[in-house]
Structure formats: structure tokens, C-alpha cells
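Thanks for passing this one along. Here are my notes, in the order in which I went through the model.

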Amino acid sequence: MNELLKSMSPVGDAAGEDLSFHPPDVPLAIHDLTVAYHRKPVLWDVDLDIPEGKLVGIVGPNGAGKSTLIKACLDLVPKTSGEVGIYGKPYKNQRHLVGYVPQRESVDWDFPVSALDVVAMGTYRRLGWFRRVGKKEREAAMAALEQVGIGHLAHRQISQLSGGQQQRVFLARALAQDAKIYFMDEPFAAVDAATEEAIVKLLRSLNEQGKTCLVVHHDLATVSRYFDWLVLLNMRVVASGPTSELFTPENLEKTYGGQLSLLNDAAKALSHATR
Amino acid sequence: MWTSFDTWIVVTAALCAVACALPGCFLVLRKMSMMGDAISHAVLPGLAVAFLITGTRASSAMFLGAAIVGILTAIFTQWVSKVGNVDRGAAMGIVFTTLFAVGLLLIVRAADNVDLDPGCVLYGAIELTPLDVVKVGGFDIPRAAAVLGTVLLINFGIIAALFKEMRLSAFDPALADTLGFSSRFLHYLLMTMVAVTTVASFEAVGSIIVIAMLIVPAATALLLTRRLIPMIAIAVGVAVIAAVLGHASALTVPKWFGFDTTTSSGMMAAMTGLLFGLAWLFSPSEGLVIRWLIQRRGSDGLHEGASN
Amino acid sequence: MRRVRTELWLRRWLVGIVVCLGCLAAGSPANAADFDRQQSLALTGVEWPAPEEVWEVVALKNYNTRLVVLSTALLGVAAGLVGSFLLLRKRSLMGDALSHATLPGIGIAFAIGASLGGTGKSLPLLLAGATVSGVIGVLVMLAIRNSTRLRDDVAMGLVLSVFFGIGVAILGMVQTMPQASAAGLESFIYGKTASMVKSDFFFIASVAAVSALIAVVFFKEFTLLCFDDDYAASQGWPAFGLDLLLLGLVTAVTVIGLQAVGLILVIAFLITPPTAARFWTERLPKMMGISAFIGALSGWLGASLSALLPRLPAGAVIVLVAASLFVISMFFAPARGVIGRWLRHRRLRKKVNRQHLLRAAYELLEARTRQNGNGKREMPIINVPFSRADLQSKRTWSPRELARIVRSEIAMGHLEDAGEGRLRLSEEGFGEAARITRNHRLWEVYLVKHADIAPSHVDRDADMVEHILEADLVRRLEEELRDRDAWIPSPHLIQ
């Protein structure tokens, strides 16, 4: 029984094989990744290397596979082919280094838990099986809530929070994990301006601590202000590199194809960025 | 040893199966498959109350009682889940188990006077249907076949008349509402069809086969096509085949194990499952076999691509 | 802190329930006379028993009744705990499909038992068969879900009806076996608590206790799974394994519930108590404690009642007790119950009405003062009487509605009758009106000027804007109002 539990343990003490083509100092290296749902490919031969300590925006049109990319990195969808290396090893050996912020709609907010309970879930992996949430974990969760500015709401049931506050709860949960690389799926979707500001502030402070953040983002107007590294995605990686080099009309056209209204937005964003 | 008895049994069962498969397609498309299960259990108190009031097993009163309770099931479920803010599945479970429990108690009380056995509600007595005949146009037709045939015609008529509306409201209830087709009305119309069909079937074939015939043919059809009219046609076909195979296997299969015969209705439900299993494996568009083949070829292709 | 307390509370609760049940079970030994009494009870029909008989059963004086009632109550505890997670995983009806899927197993197990020479009535053998076919049903359900486009509901309905159909067919065969007439296999469909031997009791009680224990031990893991399975998987928890464990517990509870409640109604034992408990609290540990309590109570009362009225199917009685508790919870639970919510809504409406009335009165007085003062700035507002018609013109109240609000404000002491059908704000009412109007205007300016910050910060009901916004911001908002000639000095700022 103990052996069995150990083999299923979320703590993952196995050393794991090194992936030769994934250098251990690269937070995220993707090689030849293809994902298909049923017959339809969603991601095609994605190759990607993300340098350490960057704020990375993953940008692309609807259906470009942005969320799928993140889920494939976290082994949440099966990979048809390819490898993903987190600091040189497969994800299953590196879970302790990774924080995940799913989309807000992915859970039932009527669930009978408080904001603090949800944030404390970020510490479950460290706790392992059976051990209960103790004082230390609660304090860590409280600190994370304070960091996103909603410490006073800790004991509210989560449906009594606004959309932006719920998003912050998810961010706080990822913070409580104390990871080195964060994957965030549309954290800016439908949040109020104050939350947007708080998230940006948080991203900056994570960046200053040398952590890497991958953020799925949909608002071209703010891309150049929020991120210093971009991944332009449309089933394949169109381009990946520093925002200043990448955020050009040619690249956006390649990513968004003929979606004219979006291109107009992008043009506006560009003039905004160059101003 | 196939006799005219057996023919009538199969005809009755096939009528029932088709009558169920028609509304069943819409139940499945509206993601309400379990509503068929809930309603067919919950009509019990309606039957019992109708019996206690009229004191007879006359079909008309029981029809009415069961249909009312069937609609009540849908209304209560909606109400508990809206007003009480309860998960739909849980609301349905609470409502139908409560109604079924009430029905059981009432039947036990009623059964002092007459033979109204809860068991026959579940698996019916299809083997006995040819004994009870009525004259229709000079022919002796089993009463159950006549009743089920009528219900089938009504179901077909409703669906043919309101096909456009029902398709729209199954696909997009909000749009249906804004276009002036009350999706609530259509919802309760569908629930009424299910309740009436259940009651018509319960005596002859039992309610368990109703649940199977409501859901399984439609689910099988959904694996074979993605368009509504072919889906309904396939569902009807599957229902008829399951009825025929079911009775035939009820006569033959038990012999393999040294038994005599068994209930046809149970076997018919089992046959729908068999047909579903075949579609699951061999559907040309999304069967397990074809998917496995594609995946094998697909990953081969990828490997070739990688080595180039 | 509160969390610790609720979890402790849950554990104490459970320990309490289990210890009580255990003590009662281990109590006085079998009593032959009691047993005879029970047998004769079985013949009394549906007539109501005498009070002393009721007491005898409810107080568990009778040995056989005690076994039946206690095992059903323990079953209720286990079902309440396991069902809580099933409900939160939104899979309540999966239990229904599962319980129907046990029937083929019961039939086959009986046939095997009978052909091996026994009567086939051995409870553990039948339940083992039920477990096997229930598990197969669950696996088929999961396989359909994961490998086709069909939704959960279709997978459940399909497994339910096909497996039950197969079960009916198998029962149809085995009932022709000579030993079968005695088997009474149908009691598995409708439930029958009549009598129980000691080994059956220990079997059922220990399975229930172990299931309940596992549900509590895996509290943290199941909570994570039910709340956010993707996140759990990303953290390396075996989400699928946990799902299987949960469904395994559901299977265990279902199977031991078969005999008492019957396979059609056992699902109610899993769904109704947790759904009822959800109305009482927003905290999961408390919800599970209450759910276990409701489950135990339903089992206890239901089994006692059906021991008194043996002609009634036990399952139906138990389900009706649970359903009554559900209805009570749904209406009367203060936290989320219908009446509680309705009262809160009404209180809110009353409060909003009062605020509207007082603000209307204040704005009326303000306009009068301005008129008389020839528009001179910062005149103190003078509290003069006004007519109902003046108030009426400020908002879209119907005369009846207005009369009702005015009446309640007079009762509150905010308004006074000034004679000749006119009204006047009392001293207290005037202060209140000024405060409400000022708050309202500050929030209005805030929303216009600082919409970008956070609409979620707006709390119109807050006593004072100052308690929510920073002092600096409030000062700027007040400047804004002064420019617009709409400034009201805060009644609380005089220090």
C-alpha cells in the first residue's frame, strides 16, 4: 500500500530522465509538439524555447491553440507527439517548479469553500497525502491573499466574490505554490481595471524575483506594455522573441491572417506602442 | 416454434420502441436523457392515485394521472433546481425517488383490493399482451398494440408538425425564445410525450424497456450521423431491430444455459445495448476501430515527417 | 481559525455518531422473546401500532429491530459523507446508473450460488456479484464518456437501462430454478429491512464504517478533485484514480444499501442528505457533518417506521423521511434556504425604499432652501414640512407603496406628522437623510470619475464612504461635489 501511494505521490521524488535536447537552465523547452483532438490537429510541430525570467505573452487568434499549449505543457491533454521539458526534465518530475492558473470558468464557484481554502489548495502538493492543512499552510495562503490585495476577503465563500476577486484568488493559489515558472490561462479575461492593474503589478514583482510567467493573452492593445517576450501562435509558432523585435505588422498579419478588424486593433496598438 | 403470438409480441414491442425512439432523439439532443428515467419511475404515484380514485384499471384515468405526474416531475425538477439553487441532476434524483416512494406506498395500500404489482410496472408482461384483444376494423388486434400504435401516431404527428421548432429549441433554446417559439412550451410538450409513451408502454412492456428505447437508439444513431433526420431514421431502425432480436433471443439464449425462456422486455433492452456497442466499435466516422486505425497511421505519418 | 474549528467539529460529530451506534449495537444480547414479538409485528398489517410498540422500536428495545435500524443509520452516515462528494462532483445521477447496473450481478451470483448447491441466498455472495457488475457499469460509463461525443447523461441512461434490462432477463431465467422461489431477489429492487442475521449486520456495518472513514481520511484530496480536477491533475494528484476511488465508495454504499433500500431508491440515500445539508452552510466540513446526520436520522426513523408497518416497503419509507428533511432544509435553513433568502431580499428592498424616501425628502428640502435663499451657496438646509404629493413627484411610487413606506418611517421615528396631512423629518431622520444623500452623491461621483479603479469597491449600503475609500480620495470627491453645488457636510466629521 505504501509503495503504491509512493508511486502515485504528487511530491514526485523520482529523479527522472534528462531530456538531452533540453538544457537544464531553460525554464520551458518544447520540441516538435503536436496535439490533436479526435481527428483535428490543434497544435502542429511547435518548437519553442523560453529564456529564464521573462514575462511571456502567448498571443494569437481564437482557436489558435493557446490554452491547449499550456494544457499540453502540464500533461492535461494527451500529446500526439513531441516533448516538453521544464528545466530540462519532463513535467511529471518538475511539478514543484510549476504554478498553474486555470481559466476562471473552469470551476463551479458555488462550491462550499472559502477564498482561503482555495488558496490553501496551492500547498496541497507539498503536504502530500492525508496530511491536513495546518497553521503554516494557512499562513502561507493568507500571505498570498494579502499579496493580491484581498486579504480581507479570506473567509468569504467564493461565490460572494466578484469576477476580478475570483481571478485574484486563483493567482494567490498559484503564488502559494511558490513555483519558478507560472502558466496562466487568460487571467485578464473579463476582470475589472483594478484587478488588471493588480495582476500586472504581481507579474512585475514575480519578474523581479527572476521567475518566468507564461500568460495567455487576447488583448493586442496591451501586449506591448505588459510583456517583454512574445509567442505568436496560430496552430504553429509564428514567431517567438523579445516584444520589441516581434511586435510588427508583418508578424501580426502572419498570425492573424485576414482577420481585418483584429488587424485594425493591432495597428492601433502599434501606434500606441511606438508613441 | 414461431407462432402468431410471437409475431404480435414483436409488433407490439416494435411499436413501443419506435414510439419511444422519436421523442428520445430530442431528449438526447437536449442533454436530458436521465429525464426519461426520472419520468418513467415517477409516473407510479399517478397510476396509483388514478386507481385509488376510480377503483378500476381503466386506461384513460391512469393515462391522465400518469401524464400529470410526468409533467409534475419535470416541473418539480425545474423548480427545485431553480428556487433551491440545486444541481439539476441532484434535483431530478430527489424528485423522482420521492415520487416513486410515494407511488410504492400507495400501490401497497391499493394492492389490498386488486392485483397491481409494482413489479409489473418495471418489467411488464409482454408475453401476455396477445391474450387481451380488441376489434379494430374487423381484425382482432392486441389492445396493447392498438394503444401503442395510437401513441406512435401521435408522437409522429407532433414531431412532424413541430419539427422545425423542436430542432431549433433543442439546438438553441434562447434563440427559439427570441423568435417566439416558447422553448418552455416545447420542453413540457416533450416531457408530456415521454410521460404518455411511458404509461402506454408500462403495462405491456414495462418501464425499463421504455428508458432503454428512449435513450439507446438515439445514442446509437448519434454515433452514426450528425444530422437530425437521418438520426431519427436510424434510431427508429435500431429500435425495431432491437425489438425483433430481443424477443428472438429471449426464446433462444436461455436454452444455451439450460433454462427455458426469459422476459422479452429485458432482452430487448439488452439488445439495444448490443447494437450500441456495435456502433461504438464500428461507426465509420468515429468508431473505436476506425479511430485506432487513424491514430496508428497518423503517428506513422508523424514519424516519417520527423525523419525527413 | 474558523476552519480548524469546523474540521474538528466534523470529526467529533462523526466519532460521536459512530460511538453511539456501536454502544447500542453491543448492548444487551439477543432475546428470544423480543424476536417472537418482531415476528408477530410482521402480521399486524398497515394499521397503526400501539404507542408502547412505537416506543419499543424507536428506543431499540428489540434486538432484531436494533440490528436493522443501526445498520440503516450507519449506512445513512456513510451515504451522507460519500454522497457529499458525489454531489459536488456533479455526478449524483451516476449513483442511479450504478445501482441499476448491480442487478445482473445479483442474478448471476445467485445462479452460481444455487448451482454450487447452496440456496444462493448468501448475502455476501450476492453483494459481491452486485459489486462486480456495478463496477463494470461504471467503467463502461467512463469509457463511453471518454471515447465518444456522447455526454454524461447519455452514458448514464444507457448503462442504467441496458444493465437493468440484462438483469431483468437474467432474473427471468434464474427464477425458473427450483431454489429461486425462496430467494426473494425482488427485495433487492424495492428494499426490505424485515429481518437480518448478526453476520449480515456486521458485514453491512463494517463496510459502511470503512466507507465513511475513507471519505473523511481523503477529505483534502476529494475536495481538490471535486473543486478543480484539472488543477489537481496539474499538481500531480492522480485525478482519475481518485475518481475511481470515489466511485468505488459509491459502489460500496450502494451495494450495502441494496438490501435495505432497494436499488431504485438507494440513490436517494446518496443524493438527498448532502443536497439538504448544502442549504445549511457554506463550509464543506460542516456540510458533510450535517449530511451524515441527516442520513443517519433518515435511516433511523425510516427503518423504525417500516419495522412498525412491515407491509410498507422499507426503501420507500426511508426515502420519504429523507425527502421531508430535504423539504424542511430547503425552506427553513437560514444560510441558503428559500425563506431565509426571501427575507433577506425583502429586508434589502425595504432598506432601499427607505433610503429612497429619505433622500427624496432631503432633496426636496434642499431645493426649497435654495429657492428661498436666492441660490446663495452653502445655506444651511432648513427642515420644513412637506406634503405627500411633493414626495410622490420625486419618484415612481404608487400612492399605496408610498403610504406603506411613510408608515414604516414614522414608526422608525424618521418622519413626523406635521398636521394638515403634511410630514416633516424628525431630528434623527434629518441627520439620516443628510448622511444617505451625501453617501449617495459621493458614490455617484466616484463611479463617474474613477470607474477604472473598481466598481466592486462601490458599497452603497456602507455606513460611511470613508470606511471603504482612502481619506484622500474622499476629499477629492468632496471637492468635486462642492464645485457642483451638491456638497453636504458629513454629519460624522464634526469632531
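In what order do the strands of the three-stranded open sheet in chain A run? The points below start there; please keep in mind that this is a predicted model.

1. The order is β2-β1-β4 in chain A, and the pairing is antiparallel. Because β2 (40-50) and β4 (81-86) of chain A each have a single partner strand, they stand at the edges, and one side of each is left without a neighbour in the sheet. On average, neighbouring strands here are turned by 20° against each other, direction ignored.

2. Now for the pairing itself. Seven bridges link β1 (residues 28-37) of chain A to β2(A), in the antiparallel sense. If you want a residue pair to look up, A:Ile30 has A:Leu48 in β2(A) as its bridge partner.

3. A helix also belongs in this picture: α2 (residues 66-73) of chain A packs on the sheet and touches β1, β2 and β4 of chain A. The direction of α2 makes about 65° with that of β2(A).

4. Over in chain C, have a look at helices α7 (residues 123-147) and α8 (residues 152-174), whose axes come within 9 Å and cross at roughly 145°. The crossing of α7(C) with α8(C) is right-handed.

5. Which residues meet between these two helices? From α7(C) come C:Ser133, C:Gly137, C:Val140, C:Met141, C:Ile144 and C:Arg145. On the α8(C) side, they meet C:Asp152, C:Ala155, C:Met156, C:Leu158, C:Val159 and C:Phe163.

Note on methods. Residues numbered from 1 in each chain as written. Chains lettered and ligands numbered in written order. Predicted model: local features only at pLDDT ≥ 70, side-chain atom pairs only at ≥ 80, totals over all residues. Pairing = 2+ DSSP bridges. Helix = DSSP H or I, 4+ residues; strand = E, 2+ residues; numbered from the N terminus. Axes fitted to C-alpha atoms, helices over the stretch in contact; angles between N-to-C directions. Contact = placed C-beta atoms within 7 Å. Left-handed = near helix turned anticlockwise from the far one by under 90°.
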